[in-house]
Amino acid sequence: MDTLFRYIAMLQLIPRAPQYKATTTLQTLLEEKGFTVNLRSIQRDLERISGHYPLICDQSERPYRWSFDPNFKSTLPAMDTATALTLVLAEEYLKGLLPQIAVDKLSPQFHDARKFLDGLQENGFADWARQVRAIPNGKALLPAAIAPPVWQGISDALLQRQAIEVHYLSRQKKEVKQFTLHPQGLVVRHSVSYLLATVNDYEDIRQFALHRIQQLAPSEAPFRPHPTFSVENYIADGAFGYPLDRQQVQLVARLDPSVAWTLAETPVSEQQQLSDPDEDGWVTLTATVPNDQQTQWWLMGFGARVEVLEPMEWRQAIAEQAERMLAMYAREECQLTGG
């Protein structure tokens, strides 16, 4: 029985090609899971298992390196209907959020989910593909394309805490520059993925869009950690242009009936109150929300269906934006009509 458990643990440790793990690495990882086994036994186990699973052995150097065939589709553990539907929804949602190369990493699981549901057609699930959709909240741009070696290299460097050498296309100067980067974090914002890293010997954190990295290779420079860095604090400090400050504010706004109904079902905050409708059917919202631009942009998206009363700074900012838009469209209308 111990041998069976060791086989299962070993299969879970072996990655799909082109990634691999050497037998010495597998030995160390198995020991961390409580299995004591020598290298020769591991090699024999792998040779035996490869008769039943599509394992690839790279014998070009020692110790031998092992991986799964990249097209291998695992069927363990068994799928169930709820899990399959969840995976189908997750695939649709992630396609609008993550780069395609990241979504592709989960393609075996998504494939298994669709295959499982296809197998239920005789039980009344023939139309399942037309019955499941994930609709994004608002207009989303297509994710920027990232080269597969770049995504893999960034993932490895970030998790293994390694410095990397990159050729990066500068957006401002529109030229390719070479940097030694020390990865500290990864952020996906809308349709762009950003590596947060220090550069060369500097201490400040900079942002690098992954789709602008044209070449990437491990660096011989020792990795330089940033002990005080926190992705959460970095974002909260306004690095991506969202927060105005770290304080919460009290939002007071008049809502038309349709918006009020939406917020009654899906609140904007845990601290939210909605008044009874006035004689026109409008409702007053009072809620504690972050003092950030993202919330302001969200409010502006409702147009004339929401009137912000407080904070006064938000009301003035939204009014000024509306006045600029009105002036711009009025000017364009004059030009179009020749007035």
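**View 1. Ile8 counts as partly exposed, because its relative accessibility is 41%.** Here, partly exposed lies between buried (under 20% relative accessible area) and exposed (over 50%), with a 1.4 Å probe and protein chains only. Ile8 sits in helix H1, which covers residues 2-13. Helices are DSSP runs of H or I with at least four residues, strands are E runs of at least two, and both are numbered from the N terminus. Please note that this is a predicted model: local features need pLDDT of at least 70, side-chain atom pairs count only at pLDDT 80 or more, and totals for chains, interfaces and linings use all residues. Residues are numbered from 1 along each chain as its sequence is written, and side-chain values use heavy atoms, leaving out hydrogens and water.

View 2. Pairing requires at least two DSSP bridges between two strands.

View 3. Look for Leu55, whose bridge partner in S3 is Phe68.

**View 4. Stepping back, the whole protein has 11 helices and 12 strands.** Of its 339 residues, 34% count as buried. Among contacts (heavy atoms within 4.5 Å) between residues at least 6 apart in sequence, 58% join residues at least 24 apart.
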